[in-house]
Each structure stands twice: as structure tokens, then as C-alpha cells.
Amino acid sequence: MAPPPPPPPPPAAELMDELLGEILICLPPDEPEHLFRAALVCKPWLRVLCDPAFRRRYRVFHGVPPLLGLLHRLMVFQGPPPVRFASTTSMPDFPHPGSDGRRTRPLDCRHGRVLVHMLEDETMHLLVWDPITGDKHGLFDPDIEWLIYSASVFCAADGCDHLDCHGGPFRVVFVATHDYKDDIYASVYSSETGAWSTPVSLDRSSEAYIQHMRDGLAVRSYYMPYLQPRRGTLVGDAIYFTIRLDNTIVKYEWVQNCLSLIKPPSPDVHDIALMAMEDGSLGFACIQGSSLNLWSRKVNSEEAAEWVLSRAIELEKIIPVADTDHRPAVVGSAEGLGVIFLSTGVGLFTIELKSGQVKKVDGPGVYFSVLPYMSFYTPDHGRLLSLARAADL
């Protein structure tokens, strides 16, 4: 019996699309202009780049979403920051929700979303905004009387790799120092239920909190343990913030709806910026002397935790800060990228921890907490339709 004939070769157009996709997938995601320019070369290139299958492969191939831009928030007494989304790539700035003159306070950027507090006519509400799709989801504030607060947004889809979180369920964590009590409260909002959880508090029923208050009163006659209004750090099923004065860390576990405290390694460590370490542990960066020091919280087999100095970087060798009177400060990090934001008197810099590459991303200014926006910005038919028509494709 004769063997069956071999399958026919794929059509030339299909083979060309496959080969073209293998080439285009190598274009770097941190320069989206390359993908958009390639999409305008001709119809076959446009078809490949706008194919959802190609965009999925592109995200998986590159792994971590690139840093596209940043917002930042200031301390409470400094007021809302200027309405500006600063791009760190060649892509255009996204129009900020407050660009129409409304007062806003950015709170967080994570998993393709931006969390903004809208301040209008003596009322406030939160807005979850996707700059790439333009989707907006408004929600009321939790039932907490706060003095100083911070909040975080993150993807809530089960098993999500956070490479393309657009349109899925999300959660918002709100943590605040109470308006007239020396208590810290937390609550979490679920987009799936449309409701906030019952607020939980750290108060004088907690031995760790009582000791924290005693330590504060030992330093000054009056002590209010107010929350630092910095961007929270997400590690596993918990999110972390810091308290003013001694940088005690507040841990909120939203599944158990509980708050707890973690002490920093030393009272001599000041102005820490929490970060998620590469090994999945909680860590922080800070300036000590002339060094940028990275600390990591290690848990041993007996569930005991200790702080370990994992790395020290001499700043004078890589950052032009020696000729200024402004002390450099760590003002944030980009999760997954291994990037630290450092504010100096000559501008805002990023330091890539693996390569040691230093890049200036913004000019001199007041930077208290940088909010990095990370997402893949790839071509799609809707975004390119008008451009393709204009190019007669």
C-alpha cells in the first residue's frame, strides 16, 4: 500500500506571516513606537501586528510589562501634584482624568490600572482608570474617617500572570490613620461584589500596637502614628505601608482582613521605600551615608524572620549628586523590573539593579512617591484604523 501523500505546504502568505511574526516579536516593548511604525509599513505587517494571537505571544515572550510612564503623589501638606502623566518612552502622554481642570490625587499604578482620588466640590471618590483602553470605574470611599491615607489597586483575576489585565476584576485596598483617634484602619473593595469589606483596625487591643505607641511617646511628648501616604507594596496576599517617625511597616492581609506591624531592622534606617524583592520577599531601599542599601526580610524554616542587608550601591560613582545640596532619596520602585527611582537635586533617575544602568526620566522637582505605570502598549485595529486609512493601507 502506497504511503499517504505529504500534506501540502502552507500558502506562501501564511508562511510569510509566520516568519514576519518571529522577527517582529523581538522588537523591544519599552519602545512602543517601533511596533506602531512597523504596523504602518503595509497591509501584511498591519495584519500580523494586530492579530490577538501575536499580541499574546509578544507579551509572553517579553514576560514583564515595560515601564511606559509615571505619575507621582506628594505629602498631604504639599497638596495635589501637577496634572501630568510623564512618559518614559517615545509614546505620547496619556490624557490624565484631571486634565479638564478637576482636582485629582493619584494614589497608585499597578497591573495596567491607575487609581486616582477625585476631589470635587468638597466630595471625594475613587476612580480606577485604564489609560490604554480608556475604561473608567468609579467607586465611593469606604466608611472610614481618615486624617492621612493611602490606597492601592491590583488585579483580582485567579491565576492571572498580569501581562494583560485590561478589563478583568480588581481590588482596591484603602489604609488610613483615623481622623481623631490614634488608630489605623483598612478596608478592601472588590469590583466583583461592588462593596467594601468591614473596616479592620490596629488599636490599643493589639500588644504590638501598644508597644509602638510607647516607643513613639518615648521620643516625643505627643505622638500620632500617621500613615505615610506613599505607594503600597504588594507581596503575595498582603500589601505593606509605612508609619511616620520610625518607619514601622503596616501589613494588611485582605483575605483574612487583618492588620499587623513589622519593625524595621534598625532605628537608624530612615526614609525607607518598600519594594518587592526578586525572590518574592518583602524588602526596602534607603540611603545610608553615600550608599543605596537594599534590605530583604528573610523567613527561615522555623518561620522566624530577620532583616538582611542584601546589597549596597555607592551612589557617587553612578549618580551626579555630589555638586548639589539636595540629599538623594529613594522615592519608589517598579515591581518585576528591578528598577529603583531616586530623586536628586538635578532630577529623577532610575537605577536598573541587574545591569547598573542609570537613566534620567524627569527633571528636578518634588518627588515623594513615584507611581510607575507598567503595561504592554501594542497595536490593535481600533487604534490604527485611522492611521492605516491615512496611509492608504
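## A quick tour: pocket, cores and salt bridges

The residues lining the second largest pocket split into 7 nonpolar, 3 polar and 4 charged. Keep in mind that this is a predicted model. Below, we look at that pocket, then at the nonpolar cores, and finish with the salt bridges.

**The second largest pocket**

- Its volume comes to about 260 Å³.
- There are 14 lining residues, and Met75, Arg230, Asp271, Tyr367 and Phe368 sit nearest the centre.

**Nonpolar cores**

- The largest nonpolar core is made of 18 residues, and Val173, Val175, Ile239, Val250, Tyr252, Trp254 and Leu259 have the most contacts inside it.
- Two or more residues come from each of these elements: strand 8 (170–178), strand 9, strand 11 (200–202), strand 13 (238–242), strand 14 (249–253) and strand 15 (258–262).
- Strand 9 gives the most to this core, with 3 residues.
- Another core, of 16 residues, lies apart from the largest one, and its members include Ala273, Ile313, Ile319 and Ile351.

**A look at Ser190**

- You'll find Ser190 in strand 9 (residues 184–190).
- Is Ser190 buried or exposed? Its relative accessibility is 13%, so Ser190 counts as buried, since the cut-off for buried is under 20%.
- Ser190 touches Phe170, Arg171 and Ala195, again not counting residues up to four places away in sequence.

**Salt bridges**

- Searching the whole structure turns up 9 salt bridges.
- One of them pairs Arg110 with Asp108, with the closest N and O atoms 2.6 Å apart. Both partners are buried: Arg110 has 3% relative accessibility, and Asp108 has 0%.
- Glu278 and Lys354 meet through their side chains at 3.4 Å, N to O. Glu278 is in the loop between strand 16 (273–276) and strand 17 (282–288), while Lys354 is in the loop between strand 22 (347–352) and strand 23 (358–362), so this pair ties together parts 76 residues apart in sequence. Here Glu278 is exposed at 71%, and Lys354 is exposed at 73%.
- Asp279 and Lys298 form a salt bridge too, at 2.4 Å from N to O. This pair links the loop between strand 16 and strand 17 with strand 18 (residues 291–299), and the two residues are 19 apart. Asp279 is exposed at 51%, whereas Lys298 is partly exposed at 33%.
- Shared partners join Asp108, Arg110, Arg231 and Glu335 into one salt-bridge network.

Note on methods:
Residues numbered from 1 in each chain as written. Predicted model: local features only at pLDDT ≥ 70, side-chain atom pairs only at ≥ 80, totals over all residues. Heavy atoms only, no water. Helix = DSSP H or I, 4+ residues; strand = E, 2+ residues; numbered from the N terminus. Buried < 20%, exposed > 50% of the residue type's maximum accessible area, 1.4 Å probe, protein only. Contact = heavy atoms within 4.5 Å. Core = buried A, V, L, I, M, F, W, Y, C linked by side-chain atoms within 4.5 Å. 1 Å grid on protein atoms, 1.4 Å probe; cavity = no way out; pocket = protein on both sides within 12 Å on 5 of 7 lines; lining within 4 Å. Points joined across faces, edges and corners; volume = space filled by probe spheres on them. Nonpolar A, V, L, I, M, F, W, Y, C, P; charged D, E, K, R; others polar. Salt bridge = Lys/Arg side-chain N within 4 Å of Asp/Glu carboxyl O.
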